[in-house]
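Let's take a friendly walk through this model, one neighbourhood at a time. Please keep the structure open beside you as you read.

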Amino acid sequence: MAFEPPQRLVRALGETAPDGDDWLEKLPEAAHQAVALRELTVERVQMPGGRSSLVVLVRRADGTPAVLKLAPPRARPESERAALAHWGGLGAVQLLEPFVTEGVLLLERLHPDLSVRSLPEAKALLEAAGTLRRLWVEPPAGHRFETVAERTGRQAEAMRATAAANSEVAALVDAALAARAELLAEPPEQRLLHGTFRQSKVLAGERMPWLAVGPDPVVGECAFDLARLVRDRVEDLIASPSGAATTRRRVKRLAESLDVDQERLRGWTLFRAVESGVRARRVGRAQDAELLLEFASWL
């Protein structure tokens, strides 16, 4: 079978490596080797797939359905592996193999085309929040996961550079950076976080009704993780005449349901929305940038 990377993946990796990436060139051969090593039968490549990895639906030698995932180093697949191993299937997809191949994960098969996002909005938020709560555990002793301070520090540098060259976003960037500084001055609990949690990252399963996939794990406070969920379905929020009020109610409702400080959630939501908006503008996704920055202005 030809392991042709989906165009969505090619475009996304092109945004972060515009000068080319030999990982994509080597991907078909790497996929063939991973399949042969594990004696897997390939069903199909998941389409349109993700923005950071190749996902292949396979069956193991005993007929068990599984997912083979290949990701480049920049997607931190070894960090994902460590997080999934620590969660042990509680709230998240389960690892299926004891041995380690760099950049390759063999995972429990969920229902790849059925996410929480398919539910009505109120129900989707409830189920997603419940899944997220199960992931917030103490990180393993001596862990090597990136911290919220480290990750947002890198992001803050890129935001400053963009703002310096574009006065239109300067005010929002200043507000986001001020919020980050205040939040990091007195960081509360330290938990293992999903890192990139949203409704589309929660898939239907057999073992449990809903399980999280695709973490980019980070250690920090729960409000940071919940912040990405606040802006889910942002295009619907922007299109609604009551979008700003709905957003503020969502912050309040999610904070109360998960025992997270409302102001800290608002602050991280602001920072993450501005960071995503500025990054979208930097790589030429003007429409996404406009939506995200308008959303951020409501906070």
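Predicted model: local features only at pLDDT ≥ 70, side-chain atom pairs only at ≥ 80, totals over all residues.

Leu27 is buried, with a relative accessible area of 1%. Leaving aside residues up to four places away in sequence, Leu27 touches Pro5, Leu9, Leu54 and Leu70. For a sense of distance, take Leu27 together with Asp113: the two are 86 residues apart in sequence, and their C-alpha atoms are 23 Å apart in space.

**Helix H3**

Next comes helix H3, which spans residues 77-87. Which residues of this helix are buried? They are Pro77, Ser79, Glu80, Arg81, Ala83, Leu84 and Trp87. The cover over the buried residues of H3 includes strand E3 (65-70), strand E4 (104-108), H4 and strand E6 (191-193). Just after H3, Gly88 takes a positive phi of about 60°.

Helix H7 covers residues 222-230, and Asp225 is found in it. A salt bridge needs a nitrogen-to-oxygen distance within 4 Å. In general, side chains of opposite charge can pair when their charged atoms come close.

Asp225 does have a polar neighbour in the backbone: a polar atom of its side chain lies 2.8 Å from the backbone nitrogen of His194. Not counting residues up to four places away in sequence, the residues touched by Asp225 are Leu132, Trp136, Leu193, His194, Gly195, Thr196, Phe197 and Arg272.

Arg272 also has an aromatic neighbour. Arg272 lies over the face of Phe224, at 4.2 Å from the ring centre.

**The aromatic cluster**

That ring leads us to the aromatic pairs, of which the structure holds three. One of them is formed by Phe224 and Trp268, an edge-to-face pair with 5.2 Å from centre to centre and 85° between the planes. This pair links distant parts of the chain, since Phe224 belongs to helix H7 and Trp268 to helix H10 (residues 262-282), 44 residues apart. Phe224 counts as buried at 1% relative accessibility, and Trp268 is buried too, with a relative accessible area of 0%.

Trp268 also pairs with Phe271: the ring centres are 5.9 Å apart and the planes stand at 90°, so this pair is edge-to-face. Because Trp268 and Phe271 are three residues apart in helix H10, about one helical turn separates them. Both Trp268 and Phe271 are buried. Through these ring pairs, Phe224, Trp268 and Phe271 are linked into a cluster.

**Salt bridges**

How many salt bridges does a search of the whole structure find? It finds 25, and the table shows some of them.

| Salt bridge | Distance, N to O |
|---|---|
| Arg117 and Asp232 | 3.6 Å |
| Glu168 and Arg281 | 3.5 Å |
| Arg285 and Asp288 | 2.8 Å |

Take the salt bridge between Arg117 and Asp232 to begin with. Arg117 lies in the loop between strand E5 (111-115) and helix H4 (121-135), while Asp232 lies in the loop between H7 and helix H8 (234-239), so the pair ties together parts that are 115 residues apart in sequence. Arg117 is partly exposed, at a relative accessible area of 33%, whereas Asp232 counts as buried at 4% relative accessibility.

The salt bridge of Glu168 with Arg281 also links distant parts of the chain: Glu168 sits in the loop between helix H5 (148-165) and helix H6 (170-185), and Arg281 in helix H10, 113 residues apart. Glu168 is exposed, with a relative accessible area of 65%, and Arg281 counts as partly exposed at 31% relative accessibility.

In the salt bridge between Arg285 and Asp288, Arg285 counts as partly exposed at 21% relative accessibility. Asp288 is partly exposed as well, with a relative accessible area of 32%. Elsewhere, salt bridges that share partners join Arg76, Glu146, Arg151, Arg154 and Asp216 into one network.

How values were computed. Residues numbered from 1 in each chain as written. Heavy atoms only, no water. Helix = DSSP H or I, 4+ residues; strand = E, 2+ residues; numbered from the N terminus. Polar contact = N/O pair within 3.5 Å; in protein donor to acceptor, adjacent residues only side chain to side chain. Contact = heavy atoms within 4.5 Å. Phe/Tyr/Trp six-rings, centres within 6.5 Å; stacked < 30°, edge-to-face > 60°. Buried < 20%, exposed > 50% of the residue type's maximum accessible area, 1.4 Å probe, protein only. Lys NZ or Arg CZ within 6 Å of the ring centre and 35° of its normal. Salt bridge = Lys/Arg side-chain N within 4 Å of Asp/Glu carboxyl O.
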